[in-house]
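The stops below are given in the order in which to select them.

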Amino acid sequence: MSSRDDPREEYSRRLESRRAALADAIRRHVTFGNLRVAALGTGLAMAYASARGLFSEWWLVAPAAAFFWAGARLDRAVKARARLGLAVAFYERAIARLDGRLVGTGGETGDRFLDNAHLYARDLGLFGEASVFELLNCARTRIGEETLAAWLKSPAEPPVVRARQEAVKELALRTDLREDLAVLAEPARAGVNAELLAAWGERPPRLDSSAVPAWVWLLSVAGALAASGLLTWLVARIGLLQLDADTFAVLRIYVLVVFAVCGAVVWRLRARTEAILGDAGEAAHGLGLLAGVVGRLEAERFAGGRLAELRAALDVEGLPPSRRLARLNALMDLVDSRDHLFVRLVGSLLMWDLHLVYAIERWRRMSGPALRRWLAAVGEMEALLSLAGYSYEHPDDVFPDLLSAGTPCFDGEALGHPLLSEAKTVRNDVRLTGELRALVVSGSNMSGKSTLLRTVGVNAVLAQAGAPVRARRLRLTPLMLGASIRIEDSLHAGVSRFYAEITRLGLIMRRAGEAPVLFLIDELLHGTNSHDRRIGAEAIVRGLVERGAIGLVTTHDLALAHVADALGTRGANVHFEDVLEDGRMRFDYRMRPGVVQKSNALALMRSVGLDV
């Protein structure tokens with residue numbers, strides 16, 4: 001694409017094109033499948049007629065040629081059908097994202113990245129069903145997903161963020177690249193463990209030389225001759241070949257001697273061979289997808305900046321990384337072939353394991369040290385493509401201005417939550433600048449307080465990952481996040497909800513003493529009595545502010561409104577309202593200055609039939 005077209009129109013156009021192509025591929029699949037069956041049937045009929053002397057057997061060439069021609073075309077049709085099916089699914093998921101339908105679309109939820117000890121990942125819904133990760137992620141490899149998850153869980157420094165922003169802007173229009181990666185015909189997320197593979201590549205050689213010794217070749221040739229002799233003996237046994245007694249005796253002795261020698265060598269080197277093949281099998285499995293992704297990225301060219309650096313990391317002398325990874329993948333397929341019956345029978349005669357060991361160690365000597373660089377480049381490129389896809393699909397979202405270190409600041413205008421559709425989003429301004437350090441947000445149940453915290457938190461995460469944010473404008477300094485929103489008790493650990501909350505608050509307090517923190521605390525200390533809550537809440541918010549932190553605290557307890565007053569110019573009260581219309585609670589989700597003046601708890605209880 002050369003211009004920033006409407007993403008829905010572009011996706012819909014591409015989806016219809018891929019669906020039409022898929023229907024054509026299905027027709028070709030059926031047509032060539034039927035032609036192949038017809039060629040086979042014709043060939044069998046002609047073979048029967050030829051056997052009866054009705055015509056020459058040379059006529060069988062025609063149906064045989066038709067059979068193989070139809071088979072080749074059928075194979076192409078099957079591959080095209082699979083590729084186009086994946087393309088259709090890619091654009092269907094993209095349109096579902098635009099419609100706000102994430103659950104059930106087959107996207108990766110990132111559950112494996114959830115960590116209860118993390119200070120905000122679970123609270124902000126970064127991972128899991130209908131999560132920020134599921135919204136963003138379009139990575140095909142595990143290293144790509146791991147890189148994206150790491151960016152969401154750890155804020156980057158301003159220079160790094162700015163470099164990512166420029167890369168995302170350049171990648172945003174490369175829909176073809178994202179599609180090409182999505183249709184790679186390999187199972188997603190079944191790939192390699194990047195750290196394990198990189199560490200394997202960096203280990204010192206286990207063999208003195210990567211060249212196969214001459215004696216191994218000699219034994220292999222002798223073994224191949226012995227295998228041929230064994231086959232000859234079997235043919236003679238079933239009467240298809242005549243051998244005199246002397247020849248048969250010599251052949252038998254030769255096969256037994258070679259088998260014994262080769263078997264002894266294989267047994268003698270078995271421990272080292274199994275160790276090398278075992279380590280390679282553990283680290284280097286599932287490389288097909290990675291090789292495909294690298295191959296597609298090798299074809300891209302970039303204007304400069306971080307993308308050019310990442311592309312340069314894939315440049316090596318000789319074979320490109322994709323070919324090298326494909327070679328290693330082929331070697332691992334040969335390692336797996338050791339379980340095949342034929343290989344089990346003649347493997348020791350051919351010195352099969354030793355040839356594999358030397359080939360794998362030769363690959364590791366030549367390419368192993370570069371694996372970590374290749375994997376890091378692929379992971380970062382895929383993470384950037386995920387952010388670029390989100391940027392393309394949300395053209396109204398802006399890139400934030402990440403300020404250099406200084407007085408902590410979060411200044412957002414018209415903030416919205418990225419997981420809400422534009423039709424449902426109610427935007428609010430949140431400004432924590434200058435002397436203002438904390439907002440105490442009061443309001444009734446379901447009025448939007450928790451959503452506001454998540455909106456602020458998620459946009460801060462996106463901003464410091466390098467992504468655009470759901471806002472008209474956002475300026476912020478580097479901020480660590482600390483959230484207490486989805487705190488739960490633990491029966492297994494014997495921890496109450498209140499104890500879990502104050503433990504999290506203690507961690508946020510300690511973090512605030514180490515770096516600037518944006519704190520987001522929902523229903524502060526609501527698990528204790530009003531007297532202790534009042535004293536504790538003021539002490540906690542004051543302690544955070546005095547440590548240089550900024551943030552928001554929500555409460556439905558109007559008695560906690562004094563916390564903002566106690567902070568003077570460093571604190572302010574804001575609130576959300578609701579109205580009761582025709583027996584139903586209605587919310588406008590707009591943040592207003594001051595303290596809320598009413599509660600809806602009794603009205604909500606009555607609305608569900610409770611007699612209060």
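Predicted model: local features only at pLDDT ≥ 70, side-chain atom pairs only at ≥ 80, totals over all residues.

**Stop 1: helix H1 and its ends**

Asp6 caps the N-terminal end of H1, with a side-chain oxygen 3.2 Å from the backbone nitrogen of Arg8.

Next, select residues 7–51, which make up helix H1. Its 45 residues, at 1.5 Å a residue, should span 66 Å, and the end C-alpha atoms are 64 Å apart, which agrees.

Then go past the helix to Gly53, which follows H1 and has a positive phi, near 80 degrees.

**Stop 2: H10 against H15**

Select residues 270–283 for helix H10 and residues 352–367 for helix H15. Their axes are 10 Å apart and the packing angle is about 50 degrees. H10 and H15 are therefore oblique to each other. The crossing in which H10 passes H15 is left-handed.

To see the contact, show these side chains:

- from H10: Thr273, Glu274, Ile276, Leu277 and Ala280
- from H15: Asp353, Leu354, Leu356, Val357, Ile360 and Glu361

Colour the residues of the contact of H10 with H15 by class: seven are nonpolar, one is polar and three are charged.

**Stop 3: H11 against H13**

Move on to helix H11, residues 288–298, and helix H13, residues 321–336. How do their axes cross, and at roughly what angle? The axes come within 8 Å and cross at roughly 165 degrees. An angle over 145 degrees counts as roughly antiparallel, so H11 is roughly antiparallel to H13. Here too the handedness can be read from the view: H11 passes H13 in a left-handed crossing.

Show the residues that make this contact:

- from H11: Gly288, Leu290, Ala291, Val294, Gly295 and Glu298
- from H13: Pro321, Ser322, Leu325, Ala326 and Asn329

With the class colouring kept on, the contact of H11 with H13 shows six nonpolar, four polar and one charged residues.

Technical notes
Residues numbered from 1 in each chain as written. Heavy atoms only, no water. Axes fitted to C-alpha atoms, helices over the stretch in contact; angles between N-to-C directions. Helix = DSSP H or I, 4+ residues; strand = E, 2+ residues; numbered from the N terminus. Parallel < 35°, antiparallel > 145°, perpendicular 65-115°, else oblique. Left-handed = near helix turned anticlockwise from the far one by under 90°. Contact = heavy atoms within 4.5 Å. Nonpolar A, V, L, I, M, F, W, Y, C, P; charged D, E, K, R; others polar. Expected span 1.5 Å × (residues − 1). Polar contact = N/O pair within 3.5 Å; in protein donor to acceptor, adjacent residues only side chain to side chain.
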